[in-house]
Amino acid sequence: MQRGAYGKQYWASRRYCSWACHAKARNSDREALFWQRVRKSRTADGCWLWAGLLDKDGYGRVTYFGVTGRAHRKAYELVCGAIPDGMLLRHSCDNPRCVNPRHLTVGTVADNSADMVERGRAVVRIGNLNTAAKLSESQARSIFTDTRHHREIASEYGVSSETVWDIKSGRSWSHLRLRGERR
């Protein structure tokens, strides 16, 4: 008896009964290969570290069916299902190598930013620490106390009159607490 356009010998020489069975086996093989690259913690709530390639930010990289992406996203999809469009995964453990689905929650960019600030990982560069600053703290103090017209002050310091207005109104360099220094 023949199956489709092929004879018995063709199917007898093959490992799978059909292309569907072959594809299903390949998928489970790929999933097993993925989990082989994960180093699970001995504790129940510990991090599962990705032992494969890492990207420049320290996140695991994986290629799955020809699509390269981050390993923690693939781990979440394999265990929990698809990630909704426009959403991202947030690590509760703050470990970019971790692929433990218990440590991953779906959220928005705003949620992720709030987590970053809450955990003290936000870099806020003010005053001289800001690489884009054109003035020093002493110059900002001088501008604040200067009584000349904004355009004159701006031309002296090489900044715009809007910058002078921002300093005098407290919109910029506000961390200096200049309010009590005005002449």
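Helices (H or I, at least four residues) and strands (E, at least two) are DSSP runs, numbered from the N terminus. The model is predicted: local features need pLDDT of at least 70, side-chain atom pairs count only at pLDDT 80 or more, and totals for chains, interfaces and linings use all residues. Residues are numbered from 1 along each chain as its sequence is written, and side-chain values use heavy atoms, with hydrogens and water left out.

**View 1. The loop between β5 and β6 holds D94.** This loop joins β5 (88-91) and β6 (104-107). D94 is not a glycine, yet its phi is positive, about 60°. Its relative accessibility is 34%, so D94 counts as partly exposed (buried is under 20% relative accessible area, exposed over 50%, partly exposed in between; 1.4 Å probe, protein chains only).

**View 2. The whole chain contains 7 helices and 6 strands.** Their order along the sequence is α-α-β-β-β-β-α-β-β-α-α-α-α. The chain has 183 residues, and 25% of them are buried. Among contacts with a separation of 6 or more, 41% are between residues 24 or more positions apart. Contact means heavy atoms within 4.5 Å.

**View 3. F34, W35, W48 and W50 form one aromatic cluster.** The whole structure contains 3 aromatic pairs. One of them is F34 with W35, an edge-to-face pair with 4.9 Å centre to centre and 85° between the planes. Another is F34 with W50: the centres are 5.1 Å apart and the planes meet at 35°, so this pair is tilted. Rings of Phe, Tyr and Trp (its six-membered ring) pair if their centres lie within 6.5 Å; planes under 30 degrees apart count as stacked, over 60 as edge-to-face and the rest as tilted. The F34 and W50 pair links distant parts of the chain, 16 residues apart. F34 belongs to helix α2 (residues 19-36), W50 to strand β2 (residues 49-50). F34 is buried at a relative accessible area of 2%. W50 is buried too, at 1% relative accessibility.

**View 4. K40 places its charged end over the rings of W35 and W48.** The charged end is 5.7 Å from the ring centre of W35. For W48 the distance is 4.4 Å. A charge sits over a ring if NZ of Lys or CZ of Arg is within 6 Å of the ring centre and within 35 degrees of the ring normal.

**View 5. Helices α5 and α7 pack at about 85°, their axes 9 Å apart.** Axes are lines fitted to C-alpha atoms, for helices over the stretch in contact, and angles run from 0 to 180 degrees between N-to-C directions. The two helices are therefore roughly perpendicular (65 to 115 degrees; under 35 is roughly parallel, over 145 roughly antiparallel, the rest oblique). A140, I143, F144 and T145 of α5 meet V164, I167 and K168 of α7. Those four are the buried residues of α5 (residues 137-145). Their cover includes α6 (150-157) and α7 (161-169).

**View 6. V164, I167 and K168 are buried in α7.** Down the axis of α7 they fall within an arc of 95°, so they line one face of the helix. The arc is that of the directions from the helix axis to the C-beta atoms. The buried residues of α7 pack against α5 and α6.

View 7. W173 lies in the segment after α7. W173 is not a glycine, but its phi is also positive, about 60°. W173 is buried, with a relative accessible area of 13%.
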